[in-house]
Amino acid sequence: MKRSLLYPQLAGILLLLLLVLPVNATEQLAHHKIRVEIPEILKMEMGSGEIAFDLARSKPEEPYPASTYPVYYTPTSTDQYIPVRVFSNGRKEWRLLISGVSEQGLGEGAIEWSLDGVNWQPLRATEQVLTTGGYTNGWLELKVHFRLVLRGFEYASSDQYRVQVHYQLSSV
């Protein structure tokens, strides 16, 4: 008889344990991985605009014709420089090259370029290193300034001269 009394007591204890102990039957744990691949990018953008030298409307401080040569003319256009932007998120070094070709016979060296408006280089048909760099931490803007150099009356006709400027960005 004593044995039969133990079963209800044992069942009661088990039922009490089930009610008191937390049961997480509805909670499940799972996991997965996220993979992110960011490509290495080297990109260049160039601002729109045109640099113009209209010597018929030259600035008072840069008269045409000049009294002495060589003479240097700054642009008469609204744009005084061309913005060139470079983006690099990689660890590789890059270089930006510049070259220019006259479409109507303007002599090589008649156009000069500068990144600071102080140190000038003649624009050549062969590529020159404009600048070099690495990781840019966003877009790096370069201001490429131009000026016209006349060494005498070599361009005495009323022609309009055009120069096509080329930029090339590559990793090194």
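Analyst: Two strands pair if DSSP finds at least two bridges between them. Here β4 and β9 are joined by 9 bridges. The model is predicted: local features need pLDDT of at least 70, side-chain atom pairs count only at pLDDT 80 or more, and totals for chains, interfaces and linings use all residues. Numbering starts from 1 along each chain as its sequence is written, and side-chain values use heavy atoms, leaving out hydrogens and water.

User: What makes β4 and β9 a pair, and which way do they run?

Analyst: The 9 bridges between β4 and β9 meet the requirement of at least two, so the strands pair. They run antiparallel. Within this pairing, Leu97 stands opposite Gln168 in β9.

User: Why are β7 and β9 called edge strands?

Analyst: The open sheet has 3 strands in the order β7-β4-β9, with antiparallel pairing. β7 (128–133) and β9 (163–171) each pair on one side only, which puts them at the edges.

User: Where is Ser99 placed?

Analyst: Ser99 sits in strand β4, which covers residues 94–102. A strand here is a DSSP run of E, at least two residues; a helix is a run of H or I, at least four; both are numbered from the N terminus.

User: Why is Ser99 called buried?

Analyst: Its relative accessible area is 8%. Buried means under 20%, exposed over 50%, partly exposed in between (1.4 Å probe, protein chains only). At 8%, Ser99 is therefore buried.

User: Which residues touch Ser99, leaving aside neighbours within four places in sequence?

Analyst: Ser99 is in contact (heavy atoms within 4.5 Å) with Leu123, Arg124, Ala125, Thr126, Glu127, Gln164, Val165 and His166. Of these, Gln164, Val165 and His166 fall in the range of β9 (163–171).

User: How do you know whether Ile34 is buried or exposed?

Analyst: Ile34 has 72% relative accessibility, so it counts as exposed. Ile34 lies in the loop between α1 (2–20) and β1 (42–46). Together with Val36 and Ile38, Ile34 makes a nonpolar surface patch of about 380 Å².

User: How many helices and strands does the protein have, and in what order?

Analyst: The protein has 1 helix and 9 strands. From the N terminus the order is α-β-β-β-β-β-β-β-β-β.

User: What share of the residues is buried, and what share of contacts comes from residues 24 or more positions apart?

Analyst: Buried residues are 28% of the 172 in the protein. Among contacts with a separation of 6 or more, residues 24 or more positions apart account for 80%.

Conventions: Patch = residues over 30% accessible without salt bridge, like charges linked within 9 Å, V, L, I, M, F, W, Y side chains within 5 Å. Areas by Shrake-Rupley, 256 points an atom, 1.4 Å probe, with all protein chains shown as cover. Salt bridge = Lys/Arg side-chain N within 4 Å of Asp/Glu carboxyl O.
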